[in-house]
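Grab a pencil and work through these exercises with the structure open beside you. Try each task before you read its solution.

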Amino acid sequence: MLKSISSVSKFLSLICLLALPLASCSSNQEKAEAEMPNYHINFSETSHIQKAHKKVLIISGSPRKGGNTDLLCDEFARGAEEAGGIVEKIFLADYNINYFTEADEQRTGDSAHVAQDDAPMLVDKLVEADIIVLASPVYFMNITGQMKTFIDRTFSRFMDIKDKEFFYITACADPAESTADYAINGLRGFVMCLPNPTERGSVKAIGMGRKGGVKQSQFMDEAYQLGKKI
């Protein structure tokens, strides 16, 4: 009898020891979830902006004017204009945009608009737009330096870029869609930090390494049709 009680006691002790790591893991997971910032992007195939003529701002981060990503931007613009949008395309390489510095971190309120280069003027356009198209080819499994530098320069006003709808455009030489996703996720990382963004769709032009190769592809029509959905 004593032997039986001893065996049961050892068994219960073993169960308790096994349960401790599980309880610890559960506690750590709950802590991690509680500490995780609530980043979120809404998704909608239709627009929630009730305006007849929406302001559409296309940011082309391609270093090649007339490159595949840039051409897709033009097709999106054509579709958006036909849908009644007031469209403006910004080719970032045409502007003087300096790297983010410690001084930019200190710029808030009126000081955020001090024109050191073209960035404050371009950020104003983001704030004023209803719909924003972010476009970048895939460079070393990421967005281009032009686009990332511009995104960094929104720091002093990024909380003013609120309630916007976003489209993404990218092109890459690799035929795998997963490669295009690297650039999309780079753009999405910026968008998810903004107040109440809504994602509307994307164009991933894969297998398009040669400049202008996208002209005869189905991706041009995809960009055009996506623009018509603004």
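**Exercise 1.** Find where lysine 215 lies, and decide whether lysine 215 is buried or exposed.

*Solution.* Step one: look in the loop between β6 (198-205) and α7 (218-227), where lysine 215 lies. Helices (H or I, at least four residues) and strands (E, at least two) are DSSP runs, numbered from the N terminus. Step two: the relative accessible area of lysine 215 is 51%, so this residue is exposed. Buried means under 20% relative accessible area, exposed over 50%, and partly exposed in between (1.4 Å probe, protein chains only).

A quick note on the ground rules: this is a predicted model, where local features need pLDDT of at least 70, side-chain atom pairs count only at pLDDT 80 or more, and totals for chains, interfaces and linings use all residues. Residues are numbered from 1 along each chain as its sequence is written, and side-chain values use heavy atoms, with hydrogens and water left out.

**Exercise 2.** Work out which parts the salt bridge between aspartate 117 and arginine 153 ties together.

*Solution.* Step one: check the pair; the closest N and O atoms of aspartate 117 and arginine 153 are 2.6 Å apart. A salt bridge needs a side-chain nitrogen of Lys or Arg within 4 Å of a carboxyl oxygen of Asp or Glu. Aspartate 117 sits in the loop between α3 (102-106) and α4, and arginine 153 in the loop between α5 and β5, so the pair ties together parts 36 residues apart in sequence. Step three: check the cover. Aspartate 117 is buried at 9% relative accessible area, and arginine 153 is buried at 8%.
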